[in-house]
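User: Got a chain here that I'd like to talk through. Can you put it up?
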Amino acid sequence: MVTVTDAGLEYFAKFLHDNESNAIINKIRIGSSSQPEAPDDTDLISKYTDLGFEEATASTIEFASGKLHLQKTFTNNSTEDREVWECGAFTSAGDCVCRHVYLPYEVQNNNSVPPGQTITIDIYIELIPDDD
């Protein structure tokens, strides 16, 4: 489960109201912070910006079974292990739509990616109606 941010809710509201937004959800960022998710997140807390872990356009963008699915494989091009504790989906305009913080051992190798190794990030966004 991911936390949809305030900006994400605004994006969906604009998009669902006569397509007022031209931005699309197509970017993925990964980072190293384990700070809890919050609706007022505007970015990752500690995002990577280089050596294969920088923001990227999702290689898979699809809508199936009522969910938006984004996927991207990142390669650790640094010379040291890099920890991945957070990921997020962003619009083409840079707005943070959702952010997720992984639990310990939720990612292979206890959230650590050795040099030259890859990590595939899958983000699924599903809007579930509230009973209220």
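**Strands and sheet**

Analyst: Strand β7 (residues 86-91) and strand β8 (residues 96-101) run antiparallel, joined by five bridges. Strands are DSSP runs of E, at least two residues, and helices runs of H or I, at least four, numbered from the N terminus. This is a predicted model, where local features need pLDDT of at least 70, side-chain atom pairs count only at pLDDT 80 or more, and totals for chains, interfaces and linings use all residues. Residues are numbered from 1 along each chain as its sequence is written, and side-chain values use heavy atoms, leaving out hydrogens and water.

User: What stands opposite Ala-89 in β8?

Analyst: Cys-98.

User: Which order do the strands of the open sheet have?

Analyst: β1-β8-β7-β2-β3, five strands with antiparallel pairing. Two strands pair if DSSP finds at least two bridges between them. The edge strands, β1 (3-4) and β3 (56-57), each pair on one side only.

User: New topic. What does the C-alpha trace span?

Analyst: About 50 × 30 × 25 Å along the principal axes of the protein chain.

User: And how much of the protein chain counts as buried?

Analyst: 40% of the 132 residues. Buried means under 20% relative accessible area, exposed over 50%, partly exposed in between, with a 1.4 Å probe and protein chains only.

User: Which share of contacts joins residues at least 24 apart?

Analyst: 70%, among contacts between residues at least 6 apart in sequence. Contact means heavy atoms within 4.5 Å.
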